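Visitor: Hi! Could you walk me through this structure?

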Amino acid sequence: MGFKEKTYELTAKNVIANLAKRNMEGFYCATKEDAVKCALSLMEEGAVIAWGGSESVKECGLMSAISDGKYKLIDRSAAVTPQEQRELFAKTAMSDYYLMGTNAITLDGQLVNIDGNGNRLASLIHGPRNVIIIAGMNKVAADVESAYKRVKTEACPPNAVRLDRKLPCAATGVCADCLAEECFCNQIVVTRRSGHAGRIKVILVGETLGY
């Protein structure tokens with residue numbers, strides 16, 4: 001094990017201990033392959049699973065594993081009309097497991113997220129029976145202020161480019177704290193504690209995942 005990998009492991013141990021103080025469960029996996037195995041071990045066959053379109057969840061291979069497994073996956077791409085989107089969100093709220101990434105996580109175990117429509121954060125806060133978060137160690141920040149800065153500088157501009165949004169950060173790579181029509185920095189949520197013990201499970205991965 002290299003020095004960087006050892007540091008990840010030590011840092012993750014600290015974050016996991018702080019997550020426990022906040023009613024959240026934490027796990028550490030050195031590789032994304034181990035992270036997929038960990039996530040699958042937390043979900044029983046036949047479970048209804050929804051997800052928030054996370055790049056981290058896709059990159060680690062979890063969505064492929066679920067598609068090949070014996071689960072009932074709610075296909076978020078199937079909703080086209082506003083009514084279908086409402087119906088899909090209602091099904092998501094009743095799911096057994098909701099899969100997502102987090103924009104940042106602090107050393108003391110707080111989750112920091114920014115969202116556009118708020119559906120992802122709504123599911124994090126309430127609804128699905130369990131929430132499983134996949135987070136590369138690149139998402140760890142010193143504190144809430146640093147986490148917010150990380151999201152605005154390292155996560156939002158690349159996402160704006162990926163989604164082809166007409167935004168200042170998509171054109172310059174730098175957040176302009178804009179109020180543009182296509183802005184997706186609409187909802188800012190800090191999860192400092194879960195009201196339901198063990199509902200939120202965070203799998204920290206010793207690799208770079210997502211933005």
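Visitor: What span should helix α7 have, and how far apart are its end C-alpha atoms?
Guide: This is a predicted model. Helix α7 covers residues 144-162, and its 19 residues should span 27 Å at 1.5 Å a residue. Its end C-alpha atoms are 25 Å apart, which agrees.

Visitor: Where does α7 bend?
Guide: At A155, by about 35°. A proline, P157, follows within four residues.

Visitor: Which residues of α7 are buried?
Guide: A155 and P157 are both buried.

Visitor: What comes after α7?
Guide: D164 follows α7, and its phi is positive, near 55°.

Visitor: New topic: where does N138 lie?
Guide: N138 is in the loop between β7 (130-136) and β8. Its side chain reaches the backbone nitrogen of L209 at 3.0 Å. Beyond its neighbours within four places in sequence, N138 is in contact with R150, E207, T208, L209 and G210.

Visitor: Now the largest nonpolar core: which residues touch the most other members?
Guide: Of its 23 residues, those are L111, L124, I133, I200, V202 and L204.

Visitor: Which element gives this core its largest share?
Guide: α1 does, with 4 residues.

Visitor: What does L124 touch?
Guide: Leaving out residues up to four places away in sequence, L124 touches M100, L111, N113, V131, I133, T191, R199 and I200. Another core, of 22 residues, lies apart from the largest one and has C29, A35, V57 and I203 among its members.

Conventions: Residues numbered from 1 in each chain as written. Predicted model: local features only at pLDDT ≥ 70, side-chain atom pairs only at ≥ 80, totals over all residues. Heavy atoms only, no water. Helix = DSSP H or I, 4+ residues; strand = E, 2+ residues; numbered from the N terminus. Expected span 1.5 Å × (residues − 1). Bend = angle between axes of the 7 residues up to and from the residue. Buried < 20%, exposed > 50% of the residue type's maximum accessible area, 1.4 Å probe, protein only. Polar contact = N/O pair within 3.5 Å; in protein donor to acceptor, adjacent residues only side chain to side chain. Contact = heavy atoms within 4.5 Å. Core = buried A, V, L, I, M, F, W, Y, C linked by side-chain atoms within 4.5 Å.
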